[in-house]
Amino acid sequence: SLPLDEKLARPVLTLDHVHCRFGQHKAVSDVSLHINAGEVVCLLGPSGCGKTTLLRVAAGLQAPSEGSVFLGGDLVAAPGHVHRPPEQRNVGLAFQESALFPHLTILENVSFGLQALPKHERKSRAMHLLDRLGMAGLAKAYPHTLSGGQQQRVALARALAPAPRVMLLDEPFSSLDARLRDQIRDDTLHVLKEMGTATLLVTHDPEEAMFMADRIALMREGQVVQTGAPAELYCNPADPFVVNFFGRVNVCTGPVRNGSVLTPVGHLQAHGFPEGSEVTVMIRPEAVRVSALPDDGQNQEASHVVMSKLLGSSSLLHICAHGAEGQEMHLHARVPGVFLPPEGQPVSLSLDMSKVFMFRQ
Ligand code: ATP
């Protein structure tokens, strides 16, 4: 164990070259990650990519096959061995399947981890958290009388109540409907930031990760593909998988000629790509700027609208784009506000290149 001041200067939770194998199957391969006090890190990725396994390793519910886990400066797990089990770690856990104690009221469930406090403080702290999560009115109820979403909020309140140094949350908002989910995310984030907790949160929802996270670790097939602030992953994606994960994109390919790639939306500068190499161009729908051309018979060769739909705060256009050399491509454009040109409307297209990404094939 290290002196206190040295411990405080360290990340609260560190995963160091963690691997996790189940028989031949590699669920987690060589993941290193640290979380500082007050920081929310989201493990994001498709189903089966190893997020839950990694969280279970962080919690001490699962030993790593290789690598180590540190809490502050203390080694708490090494290959094949958990040195310190979850109950000795000062971590709050809220997993998808977290069961409440069925014979205890909601208030007693949330007070459960507060045995060290005097009785009245225990109650006021538990009530405060239930109130923050919109559950104060059900303090005297028993778990079986609650909906799935209500039980999930109680499980969250119970995990948060002891103000642990580390919170490990696995899809904590999955049972809530969309409107309530936004509210509970907001409230949970406030509580986590107030307490200065280091949080590792698992989600498969990119919007949730972008809202909650200071940093996102995007995973694929057991590995972390990219770690960074939400804007870093969105604006500087490391590879096509990262681009795709944050929403549908338009994709075309072409060779680099005279320093640019010819696409149906025009010549695009291809800085840093060798002459003759094939590149994949990924165009976010919101990168496409659309302006209507006069429909006077002069613009029959131009790109045209195939379909337009209002999504709410933006409009989605399906466009058949015509390039200068006869190339054709169907693409989606997402434009702000209500913009619903009729089918067949000729349009000219341009791109916001900050939302266009190129990768060598
Ligand atoms: P989801 O979002 O669907 O929960 P996930 O990203 O959390 O997925 P994990 O639950 O960590 O993924 O699973 C990663 C892989 O490891 C999966 O292929 C899963 O089948 C496998 N796996 C997980 N736990 C075990 C286990 N105890 N024994 C065998 N295989 C396991």
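Q327 is found in the loop between β18 (314-322) and β19 (328-336). Helices (H or I, at least four residues) and strands (E, at least two) are DSSP runs, numbered from the N terminus. Q327 counts as partly exposed because it has 14 C-beta neighbours inside 10 Å. The cut-offs are these: a residue is buried if 20 or more other C-beta atoms lie within 10 Å of its own, exposed if 12 or fewer, and partly exposed in between, with C-beta atoms placed from the backbone. Q327 and P264 are 63 residues apart along the chain, yet their C-alpha atoms are separated by 5.6 Å.

This is a predicted model, in which local features need pLDDT of at least 70 and side-chain atom pairs count only at pLDDT 80 or more, while totals for chains, interfaces and linings use all residues. Residues are numbered from 1 along each chain as its sequence is written.

**Overall build**

The protein chain has nine helices and 21 strands. Its C-alpha atoms fill a box of roughly 80 × 45 × 40 Å, taken along the principal axes. Of the 361 residues, 37% are buried. Take the contacts between residues at least 6 apart in sequence: 63% of them join residues at least 24 apart. Contact here means that the C-beta atoms of two residues, placed from the backbone, lie within 7 Å.

**Two domains**

The chain is divided into domain 1 (4-90 + 164-244) and domain 2 (248-360). Six residues from domain 1 and six residues from domain 2 make the contact. On the domain 1 side, helix α9 (residues 240-245) supplies the largest share, three residues. That side divides into four nonpolar residues, one polar and one charged. Ala, Val, Leu, Ile, Met, Phe, Trp, Tyr, Cys and Pro count as nonpolar, Asp, Glu, Lys and Arg as charged, and the others, Gly among them, as polar. The centres of the two domains, taken over C-alpha atoms, are separated by 37 Å. The bounds come from an automatic or database domain assignment.

**The ligand shell**

Around the ligand sit F22, H25, A27, G45, S47, G48, C49, G50, K51, T52, T53 and H204. Each counts as near because its C-beta atom, placed from the backbone, lies within 6 Å of the molecule. The shell divides into three nonpolar, eight polar and one charged residue. β2 (25-35) and α2 (51-59) each supply at least two residues. α2 gives the most, three residues.

**The nonpolar core**

The largest nonpolar core has 88 residues, and C42, A58, A157 and L168 have the most contacts inside it. Such a core is a set of buried Ala, Val, Leu, Ile, Met, Phe, Trp, Tyr and Cys residues joined through C-beta atoms within 7 Å. Helix α5 provides the largest share, six residues. Both domain 1 and domain 2 give residues to this core, so it lies between them.

A161 lies in the loop between α5 (148-160) and β8 (166-170). A161 is buried because 23 other C-beta atoms lie within 10 Å. A161 and C252 are 91 residues apart in sequence and 51 Å apart in space, C-alpha to C-alpha.
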